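Thanks for coming, everyone. I have a few minutes and one structure to walk you through. Please take a look at it first.

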Amino acid sequence: MGSIGDITKIDTSGASERTARQDKLAVQGVDASHNLARIDSMRMKQYKDLITRVGLKHGLDPAIIAGIISRESRAGAALDRGWGDKGNGFGLMQVDKRFHKIVGAWDSEEHVSQGTGILIEFIHRIQAKFPSWPKEHQLKGGISAYNAGDKNVRTYEHMDVGTTGDDYSNDVVARAQWFKSQGY
C-alpha cells in the first residue's frame, strides 16, 4: 500500500469553516475534520470490514476510503435512498452518474470497489502529471482530483481551489488520518 504514499505523512489544513459549519462546529481545520470523522464513526463501523476488504483488494489504505466516505456521504447519513449531490452522486463514495455507469447497491462492496477504483485512477493520473512530486503529494492530488477532476489539480499548494468547499483533499486527508488512528 506504500507505493501510493502514506496518509499519515501528508500535511493538511483540514476542513474549512464552511465545511465545519455542516455540524455547527465551533472549530475548523484538522480539529473540525477529526470531529466530523468521529461523528461519522458509529455509522462507519458497519462498513469497516467491507472497507478493509476493498482496500486490500485495491492496495489502498482503508483509512483513505473511510475518509472519502465520511466526506462524501457522512457514512450514508447524507443520502436519500443512496443518492446525493442533487441526484447525481450515488452511494457511500458518491460516484457521479454523469461520468460513470453506476454499479452495485449504494452501500455494497461492489459500489465501494468502484469508487476506490476511480480514486486510484485519479491518483495514477496525478502521478503521471506530476512525476517529480513526492508520493504523498501525488496521493493528496489524487484525492483532490476525485472531487474536481485531474485538470483542476495544477499546483500542490492550491490543489483544493475549485473543489467542494475549497478544502476537499485537506479535509479528506485529516479525516483519513483520524480513521487510521482508529484502526482502519
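One term before we start: contact means heavy atoms within 4.5 Å. Keep in mind, too, that this is a predicted model.

Let's begin with helix 4. Helix 4 runs over 62–73. The buried ones include Pro62, Ala63, Ile64 and Ile65. Further along, Ile68, Ile69, Ser70 and Arg71 are buried as well. What covers the buried residues of helix 4? The cover includes helix 1 (17–20), helix 2 and helix 3. Helix 5, helix 6 and helix 7 are also part of that cover.

A quick check on the geometry of helix 4. At 1.5 Å a residue, its 12 residues should span 16 Å. The end C-alpha atoms of helix 4 are 16 Å apart, so the two agree.

Next, the core. In soluble globular proteins, nonpolar side chains tend to be buried together. Here the largest nonpolar core has 43 residues. Which of them touch the most other members? Ile51, Ile69, Ile143 and Tyr146 do. Helix 2 (30–44), helix 3 (48–58), helix 4, helix 5, helix 6 and helix 7 each supply at least two residues of this core. Helix 5 gives the most, with seven residues.

Stay with Ile143 for a moment. Leaving out residues up to four places away in sequence, Ile143 touches Ile7, Ile64, Ile68 and Leu119, among others. Its contacts also include Tyr168, Ser169, Val172 and Val173. Two of the names there, Ile64 and Ile68, are buried residues of helix 4.

Now the loops. Valine 153 sits in the loop between helix 6 and helix 7 (168–181). Is valine 153 buried or exposed? Buried, because its relative accessibility is 0%. Beyond residues up to four places away in sequence, valine 153 touches Ile126, Lys129, Phe130 and Trp133, among others. Gly141, Ser144, Ala145 and Met159 are also among the contacts of valine 153. Lysine 140 is 13 residues from valine 153 in sequence, and the two C-alpha atoms are 10.0 Å apart.

Phenylalanine 130 is in the loop between helix 5 and helix 6. Phenylalanine 130 is buried too, because its relative accessible area is 14%, and buried means under 20%. Again skipping residues up to four places away in sequence, phenylalanine 130 touches Gln138, Val153 and Arg154.

Most residues other than glycine have a negative phi. Arginine 81 has a positive phi of about 55°, although it is not a glycine. Arginine 81 lies in the loop between helix 4 and strand 1 (83–84). With a relative accessible area of 71%, arginine 81 is exposed. Aspartate 166 also has a positive phi of about 55° and is not a glycine. Aspartate 166 is in the loop between helix 6 and helix 7, and at 48% relative accessibility it counts as partly exposed.

Last, the largest pocket. How much space lies in the largest pocket? About 750 Å³. The lining has 28 residues, and Glu72, Asp85, Gln94, Asn147 and Thr164 lie nearest the centre. By type, the lining divides into 10 nonpolar, nine polar and nine charged residues.

Key:
Residues numbered from 1 in each chain as written. Predicted model: local features only at pLDDT ≥ 70, side-chain atom pairs only at ≥ 80, totals over all residues. Heavy atoms only, no water. 1 Å grid on protein atoms, 1.4 Å probe; cavity = no way out; pocket = protein on both sides within 12 Å on 5 of 7 lines; lining within 4 Å. Points joined across faces, edges and corners; volume = space filled by probe spheres on them. Helix = DSSP H or I, 4+ residues; strand = E, 2+ residues; numbered from the N terminus. Nonpolar A, V, L, I, M, F, W, Y, C, P; charged D, E, K, R; others polar. Buried < 20%, exposed > 50% of the residue type's maximum accessible area, 1.4 Å probe, protein only. Core = buried A, V, L, I, M, F, W, Y, C linked by side-chain atoms within 4.5 Å. Expected span 1.5 Å × (residues − 1).
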